[in-house]
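Hi,

Here is the structure I promised to pass on.

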Number of protein chains: 2
Amino acid sequence: MERVFNFAAGPAAMPEEALAIAQKELLCYGSTGMSVMEMSHRSKAYQAIFDKTEGLVRDLMHIPEDYSVMFLQGGATGQFAAVAMNLIGKTGKADYVDSGNFAHGAMVEAKKYGEVKCVASTEASNYTSIPTLNKADFTPDASYFYITTNNTIFGTRYSELPDTGDVPLVADMSSNILSEVYDVKKFGAIIAGAQKNIGPAGFAIVIADRKLFGHALPCTPSVLDWKIMDKKGSMLNTPPTYAIYMAGLCLEWLKNQGGVEAIEQVNIEKAKVLYDVIDNSDFYRGAADPASRSRMNVTFFSPSAELDAKFVAEATASGLANLKGHRLVNGMRASIYNSMPMAGVKALAEFMKKFEMENK
Amino acid sequence: MERVFNFAAGPAAMPEEALAIAQKELLCYGSTGMSVMEMSHRSKAYQAIFDKTEGLVRDLMHIPEDYSVMFLQGGATGQFAAVAMNLIGKTGKADYVDSGNFAHGAMVEAKKYGEVKCVASTEASNYTSIPTLNKADFTPDASYFYITTNNTIFGTRYSELPDTGDVPLVADMSSNILSEVYDVKKFGAIIAGAQKNIGPAGFAIVIADRKLFGHALPCTPSVLDWKIMDKKGSMLNTPPTYAIYMAGLCLEWLKNQGGVEAIEQVNIEKAKVLYDVIDNSDFYRGAADPASRSRMNVTFFSPSAELDAKFVAEATASGLANLKGHRLVNGMRASIYNSMPMAGVKALAEFMKKFEMENK
């Protein structure tokens, strides 16, 4: 069976080069005589793998030394609780921008732990755009201000970060981390589920300014307590060792592509190829407001639900997999994370043009 | 490089047959055209993998239909909090038996969430035996009664389960789940980190009587809320998809060995081989009280710390890896979970005899 172009939103396509290395090493890693899966997380061989992965994250994102980088279980959804449990205790208050399903979920989860204000929302328009923010609505003494930089389901992205003054900005970057350059110093904390732009599912990366530590609520489970986990190097308990190894292979691949600076340009080009097909057609229609368009998740419709279904079926048969839109939007969604090569994007663009010709 | 016999306590050795299948399928699973790591957790192909793994757990442990089986992130340590957060709310009280480091940690974590009583402890003797239980000490209206069936670090095991009457028995079975037959109906809930007898690190199995649901504390993070996770089939959020797939391969291997009933007999034999060497020698000394001995973790000493270090170094050089005891016990520890073949145990027994001869 040949490998397909996989446009899944996450878990998502991974670099074939990384998978090939994993395959080669699966039964025996280096001179250890065992699989990475079988290694004690306390062994020198495994610690080296872990340190390499952390080093790549730090290097690729230019993370300052006084920021912690953690690999924690429970995914971004676990961190929805953890963000609040670790940070809201400072003043008891936090601001949230409701820009999509996961932003909304993070806000609802945070309400368990303090006073949460929804500063702006585009829920009423089914999240087709990033909300317009008005500084007058911000809570001056919020413990943090929370955004979701890219909204996977709706295909939207902040083109500009909000200026939150002295209130730390916290971002869920699950679906666009490492795909474009961000200045980490502008954030108090960044969380990201691994299964889109980092590696396989099974952990979240948490990047956090250690100055914010020390306000964890008494009910915080130890595995979600950032201060404890930072002190323990993410190893209070056994980390998801293999997923972290795989992430290391993927990040090494990214470094070989020229890092985030280089892949950002490729990602801009890839997104443009698809949006150009949409914009140059009166057959396709983009789901997201053009000013809010994501570079990672391109959401669009054909003229009817029937044609959408036909599109997805025929694309699948042509080796273009997982193009069905999320049920909250319908239509089509092409997730084109770092690992999706330009060849896959061009194949999809060609398919879109062909499908339009045949079904106009 | 040849594969070694890996006596690590967890993450631990896995069946070579399972690893070989994973290697073959790594870049392309069946006719999907992608790695299992790249599959959407919402896809039919992945759901089939997930369901197969859950079915194997249910089948191998004869789990009643009205018990939930969940695969949750955060490991057993995450479940130390989750057990209390989900269950203690009923009466606000719980009983714990302090039989080792992880039992102690679970108890300390639970104290965040309610009134926790230490019913018995062997901490004073450095946990060389399972504590003697006195029913008069049990809290009659405890929400649950917590034990650790096998203590990985100290090499001890309950040879008999406590009779807790109407109080649900909750067990951390991280290091002996699936290694011996347990009647699941005797437990209100069972938790187990995957990385010893199930598969790779990255999740915990939670088996819980649904009758106990409905008492989660308001501060429970959604990813640790058993009722929510049960309702969502462990997929409120993205599960650790690849680790669950690997567990399925390992459990299929176990089924092919004849299941838990058959492997229990092999495990009894394997442990006997090592304890016989210890007991028939005045060179080696077992660390655990004979009545409390574990079948999974065999802890022992040579006559001196110097000889212990020499033993570990020479064993490693002979392809017998990870025999160093935990720093809380020192000496040696041979973890011989299901995946450790009798050949590995016999090789270690031969090495022990040879080392004794050479160093007496």
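Thr122(A) sits in the loop between β4 (115-121) and β5 (145-148) of chain A, where helices (H or I, at least four residues) and strands (E, at least two) are DSSP runs numbered from the N terminus. Thr122(A) is buried, with a relative accessible area of 10%; buried means under 20% relative accessible area, exposed over 50% and partly exposed in between, with a 1.4 Å probe and protein chains only.

Some housekeeping before the rest. This is a predicted model, so local features need pLDDT of at least 70 and side-chain atom pairs count only at pLDDT 80 or more, while totals for chains, interfaces and linings use all residues. Residues are numbered from 1 along each chain as its sequence is written, chains are lettered from A and ligands numbered from 1 in the order in which they are written, and side-chain values use heavy atoms, with hydrogens and water left out.

Now the interface. In chain A, 63 residues are in contact with 63 residues of chain B. About 4,500 Å² is buried between the two chains, with carbon and sulfur atoms giving 62% of that (buried area is the accessible area, 1.4 Å probe, that two parts lose on being put together, summed over both). Leu27(A), Met37(A) and Glu38(A) supply 15% of the area that chain A buries against chain B, more than any other three residues.

Glu38(A) also forms a salt bridge with Arg3(B), with the closest N and O atoms 2.8 Å apart. The rule (a side-chain nitrogen of Lys or Arg within 4 Å of a carboxyl oxygen of Asp or Glu) finds 2 salt bridges across the interface of chain A and chain B.

Which elements give two or more residues to the side of chain A that touches chain B? They are α1 (16-25), α3 (75-87) and α6 (241-256) of chain A. Of these, α1(A) gives the most, with 6 residues.

Leaving aside neighbours within four places in sequence, Val4(B) is in contact with Thr32(A), Gly33(A), Met34(A), Gly319(B) and Ala321(B).

Next, the strands of chain B. Strand β5 (residues 145-148) has Phe145(B) and Ile147(B) pointing one way and Tyr146(B) and Thr148(B) the other, and all are buried. β5(B) runs parallel to β3 (residues 93-98) of chain B, joined by 2 bridges, and parallel to β8 (residues 169-172) of chain B, joined by 4 bridges; two strands pair if DSSP finds at least two bridges between them. Phe145(B) has Asp95(B) standing opposite, and its bridge partner in β8(B) is Leu169(B).

There is also an open sheet of 3 strands in chain B, in the order β11-β12-β14 with antiparallel pairing. β11 (285-286) and β14 (332-335) stand at the edges with a single partner strand each, so one side of each is left without a neighbour in the sheet. β11(B) pairs with β12 (residues 297-301) over 2 bridges, and Gly286(B) stands opposite Phe300(B) in β12(B).

Cheers

Key. Contact means heavy atoms within 4.5 Å.
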